[in-house]
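This report describes how the parts of a protein model meet one another. Please look over the sequence and the structure before reading on.

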Amino acid sequence: MTYSKRLKQKIAEGLEDKVSASVRQMVTRVQGPIIQEMIQKFDRAELRPRKEYAIGHLAELVDQSVARLQENGFIVFRARTAGEAVDYILKLVQGGSVVKSKSNAVKEIGLVDALEAAGVTVVETDLGDRICQMGSIPASHPIGPALHVPVQKVAELFAAETGQPVPPVPEEIVKVARETLRQRFFEAKVGLSGANAICADTGSVVVMENEGNIRNVTNLPPVHIIVAGIEKIVPTLEDGIKVARVAGLYGMGLDFATYVSVISGPSRTHAVEGKVVHGLQGPGEVHIVLLEEGRWEAIKEGFAESLYCINCGSCLGRCPVYGELGERYGYKYFGGIGVIRTAFNNSLEKALEAGLTLCLNCRKCVAACPVHINTPGMIQRLRERAVAEQGMDWGRKMLLMQLLNNSSAIQKLAPVVGSLVCNRDGKGGWYPRYSLFGIEKGRRLPELSKKSFLSGAPRQSGKGEQKIAYFAGCLNNIVFPRVANATLRVLQQSDVQVIVPPGQKCCGYPSLVNGDRDGAVRNAIANLKVFASTGVEVIVTDCATCYSSLTGYPELLAGDPRWAGIAREFAGKVKELAQYLVEIGFQPAADKAQRRVTYHQPCHLTAHGMTQGRDLLQSMPGLQFVPSQLEDNCCGFGGTFNLDFYQLSKTIGAHKIQPIQKSGAEVVVTSCPGCMVQLMDLLGSAGQRPVVMHISELLTGGGGQHG
Amino acid sequence: MGKTFAPPGVVEEISARRRQKLARYPGLGEQYLKVRRDALRQMDALVEKAIQTLRAKKCQVHLAADAAEARELILNLVDAPMVVKSRSLALGEIGVVPALEAKGVKVVETALGDFVVQLAGERPAHPVLPAWHISETEILNVLKSKLGVAGDLHRALAGVREHLRRYLVSAAYGLTGANAVVAENGSLVIMEDEGNARAVSNLPHTHIAVVGIEKIVPDQEDAMTVCRTAAVYGTGQDIGNYLSIITGPSSTGDIQGKQVFGMHGPKRVIVILLDNGRRRCLESGFEELLYCNNCGACLEVCPVFKARGPAYGHHYPGGRGAAFAAFTDGITAAREAGLDWCQSCGKCREVCPAGINTPELIKRLSVIL
């Protein structure tokens, strides 16, 4: 089976698994606002520079840690690969039982299966993990793995374990679990844990938790084995405490987890004549396996940022794809960051299977991350590698290179072909009769315009001293010329001359997110040339994605001395429509129809902290603004994502449109033509209301298009 | 038993280790002093904040005005025939062990040094190494005669481990002190080497911690400075073997998201913040006495302590301990503790991380009293 088939299968399974999806979404709904509030109150934005330093000096910090850990009496094993780590531990643990606490590194190396195959009993001690283990139930959430298991079932599992009846009451079950697991702690020969941080200066290991199971795992058996990736190393004890604080804050919404333990060697005493003797109440032997697998490669190849991750899971709570697919998105580590880790810990092929193509680039993870890891950016770079290795299929090439790239022959042909292969609903919707270019049969698409916007746009319009330029973007050009025209009318109201430079290309975003960096660079340079000759100081776009992409040109062209400076100058001139209107003090005319209007905030504006579209609506006289919940949640469109993963895209979008419909609005306004395509599809199949409109259509009193 | 107060070599060994570690952390003493000063100068606000955050974390909190009040609180709480205990000078200060024993409650010391001192019927000789006045041979003899464990030191200690485990598993109450209380998060910070304090604070259903109000610091990083200083100056370690940062009772939300307390650790955490003369000490200009981190570095260089051992001092050993007794127990106690024995050599001040000027404090105290 190819990786793409395996991925499609995982997606299908994920979409079927409604139970765990509802648990994840419930946890996000309940915990999300609490975590946000706590972050506001307690975050000190202190970790990023520490992690940058740590990973930047990793080689020397590994050496220092090894020396200090050994000085403290740890037995240190540096494992170049996961296999080496497993072999080392298998030699240490001969039969008997092991009590274990949650650890990503232990999972990464597949240790539990290896131990069990060698006849060792491994007992999970975190209550949720233990429930899943006893019932052979797949985990539904990284922090609350058994949240989906009904209390009756949990009671039955413990009744079977103890041979005594257990009432289906959480308090009673906890009492029984405490007692039965106590036995396991005392019987075990080995305690197995991970680490949240390793402090290089004191040679210490930091672990955090709420239950107290880790304290027992690391204190009661005579031998303790720690498995940790070298990326967990931080320079100082204080840094280790910061990691624990931030992980508790972003992962669980706690200003500090219930238990943070700092362990600096085997149990020891100086009580007898000051001599050091090991193994009093705590273990007399502590091994630490420092796992290097893939980490040095990640650093060497420019992906050091992926190692800043402290596994708090904050990004997962905000990721739309993880929300639907859960642990199927990723491999040993989850979500987009998990995919990146997979590329280095395993292989690019495995990363593709883990979902390298699944990131929507909504950038919610970046905002949610305590160290602001640019996961979408790293995913794009890995996609470039995948395309370089595996090539791109011809349908995708056609779409990117021709249809979106303002090739006039194709743009003339496409509406004709489209009308031949699609049924129409008479309200501007097309329903393809066949699946073509990844566009699924039967989905609702907006009709392609017979004439593209740029082929008939006035090169110059409006009166006034100031000249500004308009960047249309490909969706407005081939699907929504009416939006582009409405934007021109809005701009003309504000006493400026608007220039629409001919020869402008697609912003390059679709190429970039599909791993075609060269194509994106070609488009960027073409656009820089076209706009440089206009001599304007302001370039307005009415597409959130184009805005994000155009202002990203300096980064895209940073390595090209001929264009880097020009790109910076260009990016400084780019304004999103509503941003521009608010800046020039634009007063919207009253909405004569006095409509009830709600707003969908595009992800690519949220990523830049821009909310002027919504502000403008709220200031519009006559209009009734009705907020909808989850206003800034992703619609699931994601450029070409919705072509590749239509069902997934639709499921993500379904969470978006429910609150929009609930708001009772007649019109949903947004600032991105991409989001419009998605909302029209979803609302079109859900009913007629509300109609979907671009903000410039609303501002010019337009009627919009039915959903 | 107990003719000399430190076996030969112990002091030298610790001093050598300390010098080595101090080189790693230049400025540690100043950093520690700053933490203490800043905290003491906002003591009332920190006490209030700590009470509030500890309660928010579901700890039961009491502010005890004096030793008797703290002792009574514990006597009223404990309804079991046996409690386990880890090393704490504050617990010694409130005299809770004899009081519990008088009530018929067995108190089991779980740190090796304290356990040996308890078995031998002696008095702790040092805040960090309470049994440093007892030789290895004597320790082995006591363990053999009282516990029946025989063999070399390792085998004897394995026997002690098993012996103490039986108590740790069955105790309903665990008594500890704390090295610091973190006001921001409502956390107790406990440092130790053996793992016994972890067991005492994790295995019983109720954990009771007694801690002087001068131990409250604003945040976790301050607490780390306090602990690191105690370790470097105390036993010459980078940090104690185990730091337990405890923020509320053990809990789980793993069954249908319902929060249930007492999963693997205690269901109840009771924190007794002890004043017992500390405010008075601060208000009457003896703030410096409260800088003490109980590392014991001063004792190694004190000629009086070398000669007289644990007789010099009260609840806390040495000259600083004698002076502090004036605030916790009054002038008679301070005099009995040897307030007048200080020879003003000033050696203690040189080795103290906070530079406490004990001879000067003692002089001033004598004048006032």
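## Contacts between and within the chains

Within chain B, 39 residues of domain 1 are in contact with 29 residues of domain 2. The model is a predicted one. In the domain assignment of chain B, domain 1 covers residues 8-250 + 262-278, and domain 2 covers residues 279-368.

Four salt bridges are counted between the two domains of chain B. There are also 15 residue pairs in polar contact between domain 1 and domain 2 of chain B, where both residues of a pair have pLDDT 80 or more. Several helices of chain B each supply at least two residues to the side of domain 1 that touches domain 2: α1 (10-24), α2 (28-40), α3 (43-56), α5 (89-93) and α11 (220-234). The largest share of that side, seven residues, comes from α2(B). Sorted by class, the side of domain 1 of chain B that touches domain 2 of chain B has 19 nonpolar, eight polar and twelve charged residues.

The next contact is the one between the two chains. Here 76 residues of chain B and 77 residues of chain A take part. The area buried between chain B and chain A is about 6300 Å², with 50% given by carbon and sulfur atoms. Of the area that chain B buries against chain A, 12% is supplied by D254(B), I255(B) and H264(B), more than by any other three residues.

Which polar links cross between the chains? Twelve salt bridges are found across the interface of chain B and chain A. Between chain B and chain A there are 57 residue pairs in polar contact, both residues at pLDDT 80 or more. Helix α9 (residues 153-170) of chain B gives the largest share of the side of chain B that touches chain A, namely nine residues. That side of chain B is made up of 29 nonpolar, 29 polar and 18 charged residues.

The two chains also meet through strands. Strand β9 (residues 259-263) of chain A and strand β9 (residues 242-246) of chain B run antiparallel and are joined by five bridges. One residue to look for is V262(A), whose bridge partner in β9(B) is L243(B).

Chain A has an open sheet of three strands in the order β13-β14-β15, with antiparallel pairing. Strands β13 (422-424) and β15 (445-446) of chain A are the edge strands, and each pairs on one side only. Between β14 (residues 429-432) of chain A and β15(A), which run antiparallel, there are two bridges. In this pairing, W430(A) has L445(A) in β15(A) as its bridge partner.

Over all chains, a search of the whole structure finds 56 salt bridges. The table lists examples.

| Salt bridge | Distance between N and O |
|---|---|
| R228(B) and D201(A) | 3.0 Å |
| D275(B) and R279(B) | 3.6 Å |
| D129(A) and K102(A) | 3.1 Å |

The salt bridge of D129(A) and K102(A) links distant parts of the chain, as the two residues are 27 residues apart. D129(A) is in helix α8 (residues 127-135) of chain A, while K102(A) is in the loop between β2 (97-100) and α6 (104-108) of chain A.

Key
Residues numbered from 1 in each chain as written. Chains lettered and ligands numbered in written order. Predicted model: local features only at pLDDT ≥ 70, side-chain atom pairs only at ≥ 80, totals over all residues. Heavy atoms only, no water. Contact = heavy atoms within 4.5 Å. Buried area = accessible area lost by both parts, 1.4 Å probe. Salt bridge = Lys/Arg side-chain N within 4 Å of Asp/Glu carboxyl O. Polar contact = N/O pair within 3.5 Å; in protein donor to acceptor, adjacent residues only side chain to side chain. Helix = DSSP H or I, 4+ residues; strand = E, 2+ residues; numbered from the N terminus. Nonpolar A, V, L, I, M, F, W, Y, C, P; charged D, E, K, R; others polar. Pairing = 2+ DSSP bridges. Domains from an automatic or database assignment.
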